[in-house]
Amino acid sequence: MIPFIDLQAQYQAYKKEIDTRIEGVLSRNDYIMGKDVKELEEWMSNYTGTYAVALSSGTDALMIPLYAMDLKEGDEIITTPFTFFATAEVISFLKLKPVFVDIDPETCNIDINKIEGAITPKTKGIISVSLFGQTTDLDRIDGIAKKHNIFHIEDAAQSFGAIYKGRKSCGVAEVSTTSFFPAKPLGTYGDGGMMYFKNKDFADKCASIVNQGQSVRYEHQYIGVNARFDTFKAAILLAKLGHYDDELARRNEIATNYAKAFAGSKAIPLKIEEFTDRHAWAQYTLKVEQRDKVRDLLQEKGIPTAIHYPKPLHRQPALAYLGLKEGAYPIAEDMSTKVFSLPMHAFMDNDTQNIIIDGVLDVLNNI
Ligand SMILES: Cc1ncc(COP(=O)(O)O)c(C=O)c1O
């Protein structure tokens, strides 16, 4: 079976740098929020032009700024129903109300034209999701947020490294978040995440909440949590950073090859927006009729696929209390029956990609 992603190939390629970094942590014994965590935060701050704060996961990276805003139960946060569960989960977890806005069928990102129609006096913010590695039109969403005096968070869990109109994903909105889950474009070997802030005071407050609300040791200013970042995981990321531009270039090459191969076929790649100067290609996703049959036939050929996402969030059992019936977000529902993703990672060689392409075209010609 062809791998969907290949973390082992990546480790072998950077083994020396990763092992040296890990040995450094072992020799210092600074396992939690140690030297490499600080170095990573500094690198991330410079890269994005923000105050960057590392923490335990991409989910916590969304949760903590929302918590720190001291919102009231029932306050509404607008987001997309076509994303990983975490985006809406954190809203509900904090007893806020997720309000979904349907998606654009060409990109599967939130349909910005529909956002203002969902704003009510209770709306406090918008969480946009840069799905599959491509941002939304962040300036447009920022404009809507400013006009209505609400916040905008970019959930960039899948798009670290993407470039929007010359600016980095994670560096445009007032608050942005990413995930270092191993399968993400920039992943570590375990869970991890980063919050990015334009405002230093708010960054400091969130950093304190990550560490039990402490500003100085044993002085607890806020009710917080333990969502600290492990130094080993920062060390691994630091070893990878110098290679990340090359990895993104290779992901883009692979995406271009796929797009050329499938042009005019029954499988339609998602649109690349004009404002996207660089896509991070967390997933390479196509839309096709008879999706499940296509996947079964590919599986028989040893070509793995995945579905992002098989069920829009308003249809998830945990969110049934919102009372949103089937048909509430027809485009997200339709896309959840059509999309599938192909293997995408920087270590795929051309021969492997050609096997995948030939396999897909063969299946499409025979259904
Ligand atoms: C869009 C989106 N938001 C949030 C998350 C949560 O990140 P993590 O798995 O690091 O908690 C993910 C990761 O799967 C994601 O894809």
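**Exercise 1. How do α1 and α7 lie relative to each other, roughly parallel or roughly antiparallel?**

Before we start, a quick word on the model. It is predicted, so local features need pLDDT of at least 70 and side-chain atom pairs count only at pLDDT 80 or more, while totals for chains, interfaces and linings use all residues. Residues are numbered from 1 along each chain as its sequence is written.

Step 1: find the helices. α1 covers residues 7-28 and α7 covers residues 231-262. Helices (H or I, at least four residues) and strands (E, at least two) are DSSP runs, numbered from the N terminus.

Step 2: look at the axes. Those of α1 and α7 come within 9 Å and cross at roughly 150°. Axes are lines fitted to C-alpha atoms, for helices over the stretch in contact, and angles run from 0 to 180 degrees between N-to-C directions.

Step 3: Under 35 degrees counts as roughly parallel, over 145 as roughly antiparallel, 65 to 115 as roughly perpendicular and the rest as oblique. α1 and α7 are therefore roughly antiparallel to each other.

Step 4: see who meets whom. On the α1 side you'll find Tyr14, Glu17 and Arg21, among others, and they face residues of α7 including Phe232, Leu238 and His243. Two residues are in contact if their C-beta atoms, placed from the backbone, lie within 7 Å. By class, this contact of α1 with α7 has 9 nonpolar, 3 polar and 3 charged residues. Here Ala, Val, Leu, Ile, Met, Phe, Trp, Tyr, Cys and Pro count as nonpolar, Asp, Glu, Lys and Arg as charged, and the others, Gly among them, as polar.

**Exercise 2. Describe how α3 packs against α4.**

Step 1: α3 and α4 pack at an angle of about 40°, with their axes 9 Å apart. The two helices are therefore oblique to each other.

Step 2: now list the partners. α3 brings Gly58, Thr59, Leu62, Met63 and Leu66, and α4 answers with Ala86, Thr87, Val90, Ile91 and Phe93. Sorted by class, the residues of this contact come out as 7 nonpolar, 3 polar and no charged.

**Exercise 3. Find the two domains and the side of domain 1 that touches domain 2.**

Step 1: the protein chain splits into domain 1 (7-101 + 111-237) and domain 2 (244-365). These bounds come from an automatic or database domain assignment. The domain centres, taken over C-alpha atoms, are 24 Å apart.

Step 2: the contact takes 25 residues from domain 1 and 25 residues from domain 2. On the domain 1 side, the elements giving two or more residues are α1, α4 and β6 (163-164). That side divides into 13 nonpolar, 9 polar and 3 charged residues.

**Exercise 4. Track down a cis peptide bond and a positive phi.**

Step 1: go to the bond from His308 to Tyr309, which is cis, with omega near 15°. Tyr309 sits in the loop between α8 (291-300) and α9 (330-338).

Step 2: jump to Lys95, a residue other than glycine with a positive phi, near 65°. Look for Lys95 in the loop between α4 and β3 (97-100).
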